[in-house]
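Good morning. I have one structure to go through today, and I will keep to what can be read from it.

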Amino acid sequence: MPSKENNDTTQELLSKAGHQTQESEFFNPIPEGYIKGRHKYVVVLGTVMSGLGKGIFSSSLAKLLKDKGLTIAPIKMEGYLNIDSGTLNPYRHGEVFVLDDGLETDMDLGTYERMLDQNLTRDNYTTSGQIYRTVLDRERSGGYLGRDVQMIPHVTGEVKYRLRELALKQQADVVFIEVGGTVGDYENSFYIEALRELAFEEGERSVAFVALTYVIEPPALGEQKSKPAQLGLKKLMEAGIQPDMIAVRAQSPVEATACQKIAMFSNVPIKRVFSMHDRSSIYTIPDSMREGGLDREVLSILKLHDRVDAVHEDKSRVSWRQYVKMLTTKRKHKVKLGITGKYASLRDAYASIDKAIEHCGTHLNVDIDVDWFDTTQIAPEQIPAAIDSFNAIVVPGGFGHRGTESKIACVKYCRENKVPYLGICLGFQMAVVEHARNVCGMSSAASTEFDQESEFPVIDILPEQKKIEGLGGNMRLGGKDVLIKENTLAAKLYGDHYTHQPHANGFTVRERFRHRYEVDPNYIEKLEAKGLIFSGRHPEQPIMQFLELPLDVHPYFIGAQFHPELTSRPLNPQPMFMGLIAAAIKHANPNLTTNEISPRWLIENIRTAGKPA
């Protein structure tokens with residue numbers, strides 16, 4: 001029997017439908033409390049081809065406006081039907097970036113978080129799958145009674161509603177909208193139509209359209225050609241959108257003649273055509289944009305000059321310029337870092353690790369020669385010779401059995417030869433397995449992810465943990481508090497240089513997780529009795545989240561069940577990576593003092609990591 005509550009809901013919907021009329025074709029859902037004109041929008045679209053760096057451009061421009069004291073809310077709108085990015089192959093779509101609230105998203109969300117230095121939420125990301133699901137669920141529940149549900153106005157109406165809701169929720173002065181894919185793709189066409197409608201409904205000076213395009217330079221010709229860019233922009237204008245600004249991608253600075261042709265063809269003033277050519281680091285782009293006046297042009301288009309906080313801008317520019325100066329200065333030190341990646345041939349699969357290393361190299365004044373190598377292509381017995389030249393090793397996260405025995409061999413080599421080591425997620429688990437096998441005498445120790453019949457399943461999915469975390473069959477995702485034990489390497493790294501909260505048994509920090517398997521609590525006592533220190537754990541349950549070796553045993557050996565790379569920022573580098581690179585400098589230069597490595601990041605108890613005789 002239907003419940004009284006369901007009957008009341010049905011009657012309410014039928015009553016509303018009975019009073020609706022079909023006299024107007026406008027369908028313009030607006031969140032309660034939304035004030036037209038209070039929020040502005042910058043739309044970033046790509047032409048010619050994908051992979052132009054829309055996220056880099058959009059986040060850089062957003063940073064310039066945030067530096068002026070404006071509140072920024074970015075959103076990435078993907079065309080694929082997946083609900084999130086969790087199941088996407090890194091070879092096809094780069095790394096999966098996990099937000100603090102647990103949503104698995106596109107790697108561009110990581111670019112926004114790093115550039116803007118702010119945590120994003122699931123409201124800052126959507127896919128076609130999410131949009132269609134919402135519309136279809138609403139249709140099934142009677143939300144469109146009296147109407148035939150169509151792409152226009154209902155699907156486009158849902159897009160507009162989400163954008164306005166984001167602006168309202170995050171009290172944004174400016175919402176930056178990045179549309180995934182390329183203008184002309186079938187899967188993102190309804191986004192483009194929705195944005196055309198948004199500009200029409202919000203009125204003049206409310207929406208600015210920025211088009212990214214590409215100028216080719218065929219080696220045989222020796223000159224830049226803008227025809228593909230012109231045709232790509234024509235496609236955008238055919239969709240009813242007149243770009244207000246154009247960013248031109250190219251390998252080298254775009255020539256004046258190419259910019260002039262693009263400006264003339266697209267009806268965009270030449271001062272609003274910007275050369276976004278390749279640079280040594282994305283972090284130099286905001287200053288280049290500022291020098292080109294793009295921030296002022298956006299303020300003019302959206303009529304936002306009166307919201308600028310000049311004092312805030314001056315402070316922000318000083319700190320950022322200091323970072324860029326360090327970034328572009330010749331380095332004092334040099335180290336060689338090895339990273340064991342299953343997707344080593346595609347750097348985007350580990351984009352956050354790449355950036356975390358760049359942040360540390362800048363702050364520690366060191367040139368880091370990163371060598372990504374695929375452990376699926378190297379036998380365990382070949383590992384010592386393969387990694388002998390490295391000053392530090394990172395074993396990152398991953399899934400699947402392939403290459404794990406060679407990763408364990410990497411851990412063993414680092415432990416025995418005092419090479420600085422950082423294990424992330426799977427790298428943390430492999431360190432536990434290696435210690436169990438080679439120190440504790442559990443020769444067949446393994447993870448049940450790879451060996452269901454192991455005699456010593458030191459890594460496992462535990463039913464009580466799934467119940468505690470509410471996992472069901474899913475992964476443990478998003479930001480979680482980690483309790484760090486005092487007087488440990490982890491405490492030394494996080495204690496003075498990272499936001500933390502006091503706790504009766506130490507202090508807690510917040511880090512982001514993406515995993516299914518844990519250290520089996522039945523083995524914790526045995527592992528610790530043989531020298532392994534679990535220096536961080538769940539604040540209430542026996543879930544291990546940090547491990548390390550004593551500093552009098554190893555100069556720098558640490559692992560994390562979480563993903564520290566996801567929270568590294570240019571002006572606030574991640575402590576575990578900072579410690580690793582500092583230890584790598586000492587490994588490369590055993591006679592250096594800590595102060596010679598970096599007066600700004602004093603890690604007193606990390607000992608010289610010279611190779612054993």
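First, the ground rules. This is a predicted model, in which local features need pLDDT of at least 70 and side-chain atom pairs count only at pLDDT 80 or more, while totals for chains, interfaces and linings use all residues. Residues are numbered from 1 along each chain as its sequence is written, and side-chain values use heavy atoms, with hydrogens and water left out.

The protein chain has 21 helices and 22 strands. Here helices (H or I, at least four residues) and strands (E, at least two) are DSSP runs, numbered from the N terminus. Of the 613 residues in the chain, 56% are buried. Buried means under 20% relative accessible area, exposed over 50%, and partly exposed in between, with a 1.4 Å probe and protein chains only. Contact means heavy atoms within 4.5 Å. Among the contacts with a separation of 6 or more, 74% are between residues 24 or more positions apart.

Now the sheets. Strands of a sheet pair through backbone hydrogen bonds, either parallel or antiparallel. In this account two strands pair if DSSP finds at least two bridges between them.

Within it, β12 (residues 392-395) and β13 (residues 421-424) are parallel, paired over three bridges. Ile393 stands opposite Tyr421 in β13.

β15 (residues 457-460) pairs with β19 in the antiparallel sense, over two bridges. In that pairing Asp460 stands opposite Glu518 in β19.

Next, strand β2 (residues 72-78). All seven of its seven residues are buried, so the strand is largely enclosed by the rest of the structure. In a regular strand the side chains alternate between the two faces of the sheet. In β2, Ile72, Pro74, Lys76 and Glu78 are on one side, Ala73, Ile75 and Met77 are on the other, and all are buried. β2 runs parallel to β6 (residues 174-179), joined by six bridges, and Lys76 stands opposite Glu178 in β6. β2 is also parallel to β5 (residues 125-127), with three bridges, and Met77 stands opposite Thr126 in β5.

Now two helices. α10 (residues 285-292) contains Ser288, which is buried, with a relative accessible area of 19%. Not counting residues up to four places away in sequence, Ser288 touches Phe274 and Arg279. α10 packs with α11 at an angle of about 65 degrees, their axes 5 Å apart. Met289, Arg290 and Gly292 in α10 meet Leu294, Asp295 and Arg296 in α11. α11 (residues 294-302) is mostly covered, with seven of its nine residues buried. After α11 comes Lys303, which has a positive phi, near 55 degrees.

How many cavities of 30 Å³ or more does the structure hold? There are four. A cavity is a set of points, on a 1 Å grid over the protein atoms alone, where a 1.4 Å probe fits but cannot get out, and lining residues have an atom within 4 Å of a point. Grid points are joined across faces, edges and corners, and a volume is the space filled by probe spheres set on the points. The largest cavity has a volume of about 60 Å³. Among the residues lining it are Gly398, Phe399, His515 and Tyr517.

That is all I have.

Technical notes. 1 Å grid on protein atoms, 1.4 Å probe; cavity = no way out; pocket = protein on both sides within 12 Å on 5 of 7 lines; lining within 4 Å. Axes fitted to C-alpha atoms, helices over the stretch in contact; angles between N-to-C directions.
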